[in-house]
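Biologist: I would like to go through this model with you. Could we begin with how its strands are joined?

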Amino acid sequence: MVASVNLLEKLQAVDRLFYVSPSADSNSASLQRLKHMLSPEDMYANVNDVSILTDIVNKIEKERDDLEEYRKKLKLYNEAMKKIGSDIPMWQIDNELLLTFGEGPPKHRWNGKPPCIVIYFDDILGSQLMIGKGAREIARICLYHRHLGGYTDPKEPGAIGASLLFNAQAWKTSVGGLPKALRNNLTLMILFKTKSIKELQEISEEVSGEIDEQTFYQVYEQAMQQQHDFLMIDLHPKPNHPSMFRRNFDEFIIPPKKNVPLTIK
């Protein structure tokens, strides 16, 4: 969890965080660092209540509604300002515009911009959220997270959207594990030390298009130098990044070419 909190702190653009975890109450001290983006009403401890997913989606759609309402009022206010400042007699100006002007400039929680939203699922493997109806809904959110809170005006395509963050103790499980829709759509992976060779093999398959399995093991071992180290894998690195692999957040690990030693930047 510490690494996830550190990551969220680094992502300074995050406006609103939803936290879903059976430890939501006991983790309140650790989450204090995120209080500028996390409100108590956006914390969910009952991970066996599938309806919390609907509640989160409804809140994102409410963000959409608030933004669209703000834009509508702002358009009316600007139109009123323009007409009142013109030579048009007041009695010829539409009453709705005059009322809008009298109310003053409209206000919006995020100052007129779509909020950056993250849904953080922490330690929910094996819960009802990952089984049956819950698993289907989680998979749907994984596939359509960028389209949550879609705008209602056909002239303005797009959506509020949300990024997803999962903390999990296992890569795959027989029941209640990470859905394939999530594993196939990863942007970033943080991998701590594991004793399971099978798990490492499965994860290496996710990056097999970039490096071979043996090189992946070399990169993994290079990352695990100290007790709390982790390997960060960026599956969509920026063009100016020398590698998709890092030891922790800051040290790039450059996979070796054939017969060339592995390096760190």
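Modeller: Please bear in mind that the model is predicted. Strand β1 is joined to strand β3, residues 117–122, by five bridges, and the two run parallel.

Biologist: Which residue of β3 does Leu17 stand opposite?

Modeller: Leu17 is placed opposite Val118 of β3.

Biologist: How many bridges join β1 to β2?

Modeller: Two bridges link β1 to β2, residues 43–44, and these strands also run parallel. Here Tyr19 of β1 stands opposite Met43.

Biologist: Are the residues of β1 buried or exposed?

Modeller: Five of the five residues in β1, which spans residues 16–20, are buried. Both faces are covered: Arg16, Phe18 and Val20 lie on one side, with Leu17 and Tyr19 on the other.

Biologist: Turning to the nonpolar core, which residues touch the most other members?

Modeller: The largest nonpolar core holds 48 residues, and those touching the most other members are Val20, Ile60, Ile124, Phe216, Leu231 and Phe245. Helix α3, residues 51–84, contributes the most to this core, with six residues.

Biologist: What is Val20 in contact with, leaving aside neighbours within four places in sequence?

Modeller: With those neighbours set aside, Val20 contacts Tyr44, Val47, Ile52, Ile56, Tyr120, Phe121, Asp122, Ile124 and Leu129. Of these contacts, Tyr44 falls within the residue range of β2, while Tyr120, Phe121 and Asp122 fall within that of β3.

Biologist: And what does the second core include?

Modeller: That separate core has 13 residues, among them Val5, Leu8, Met37 and Leu38. In soluble globular proteins, nonpolar side chains tend to be buried together.

How values were computed. Residues numbered from 1 in each chain as written. Predicted model: local features only at pLDDT ≥ 70, side-chain atom pairs only at ≥ 80, totals over all residues. Heavy atoms only, no water. Buried < 20%, exposed > 50% of the residue type's maximum accessible area, 1.4 Å probe, protein only. Helix = DSSP H or I, 4+ residues; strand = E, 2+ residues; numbered from the N terminus. Pairing = 2+ DSSP bridges. Core = buried A, V, L, I, M, F, W, Y, C linked by side-chain atoms within 4.5 Å. Contact = heavy atoms within 4.5 Å.
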